[in-house]
Amino acid sequence: MFNFDRVSSPAFSKVLFLFVFIFSLPALSLFASSHQKSSGPQIIGYFTEGGAKSGKYTVKDLASSGAAPILTEINYAFGRVADNQCQIADREAALDHAYGAAESVDGSADSAGDNQLRGIFHQFQELKQKYPKLKIVVSFGGWGQSDGFSSAVEPEHLQEFVRSCVQTFIAGHFAPGIEGPGIFDGIDIDWEYPVEG
């Protein structure tokens with residue numbers, strides 16, 4: 001699912017056209033059929049990496065506060081666009097931080113050792129096991145992380161940009177040896193704001 005927030009400009013029109021061109025109709029119909037929206041209300045909340053990193057609001061808090069069972073989607077804020085690629089903004093917070101049993105969604109400590117999925121992404125994995133209907137979407141951009149979009153959406157870079165988003169977040173190839181397919185269900189483009197170059 002792609003969500004283009006608060007944008008309407010000639011640059012945005014080009015970006016939208018290129019995204020449709022790259023994915024093509026068969027790919028779009030396959031994607032759409034696997035992510036049909038329910039007929040009921042959609043309740044979407046943003047979950048900030050900074051809040052989790054500081055300990056002010058963790059993934060476990062989503063479950064213990066009662067938010068997770070009423071949300072239909074969580075937008076993880078934010079991924080970064082740099083070097084014409086979708087990237088993890090803070091690897092330590094997203095992949096490396098080891099949560100202890102008391103901080104963990106499922107009550108067990110993260111595994112030690114190399115190439116183990118830990119951090120916020122592992123906690124999201126545990127949250128989805130507990131709430132399988134909950135969708136998690138990675139948001140890119142925002143007020144402070146949108147600088148890389150202008151280059152990434154140029155025609156010569158766009159295909160690689162989209163490929164990197166899908167491979168890293170949807171397919172779950174987070175880092176060499178660290179895999180997590182199925183954690184993220186979609187990508188939210190929060191480009192603030194598209195302008196002509």
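1. Helices in this note are DSSP runs of H or I with at least four residues, and strands are runs of E with at least two, both numbered from the N terminus. By that numbering N115 falls in the loop between α4 (91-96) and α5 (119-130). The model is a predicted one.

2. Most residues other than glycine have a negative phi, and most peptide bonds are trans. N115, which is not a glycine, has a positive phi of about 55°, and its relative accessibility of 48% makes it partly exposed. N84, also not a glycine, has a positive phi of about 60°; N84 sits in the loop between β3 and β4 (85-87), and with a relative accessible area of 18% N84 counts as buried, because the cut-off for that class is under 20%.

3. The peptide bond that joins A77 and F78 is cis, with omega at about 0°, and F78 itself belongs to strand β3.

4. Strand β5 (residues 135-142) has 7 of its 8 residues buried. It is joined by 6 bridges to strand β3 (residues 73-82), the two running parallel, and 6 bridges also join β5 to strand β8 (residues 186-191), again in parallel. V137 in β5 stands opposite N75, while its bridge partner in β8 is G186.

5. F149, in helix α6 (residues 149-152), is buried at a relative accessible area of 1%. Beyond its neighbours within four places in sequence, F149 contacts V81, F140, G141, F161, I189 and W191; of these, I189 is 40 residues away from F149 in sequence, with a C-alpha to C-alpha separation of 9.5 Å.

Conventions
Residues are numbered from 1 along each chain as its sequence is written. This is a predicted model: local features need pLDDT of at least 70, side-chain atom pairs count only at pLDDT 80 or more; totals for chains, interfaces and linings use all residues. Side-chain values use heavy atoms; hydrogens and water are left out. Buried means under 20% relative accessible area, exposed over 50%, partly exposed in between (1.4 Å probe, protein chains only). Contact means heavy atoms within 4.5 Å. Two strands pair if DSSP finds at least two bridges between them.
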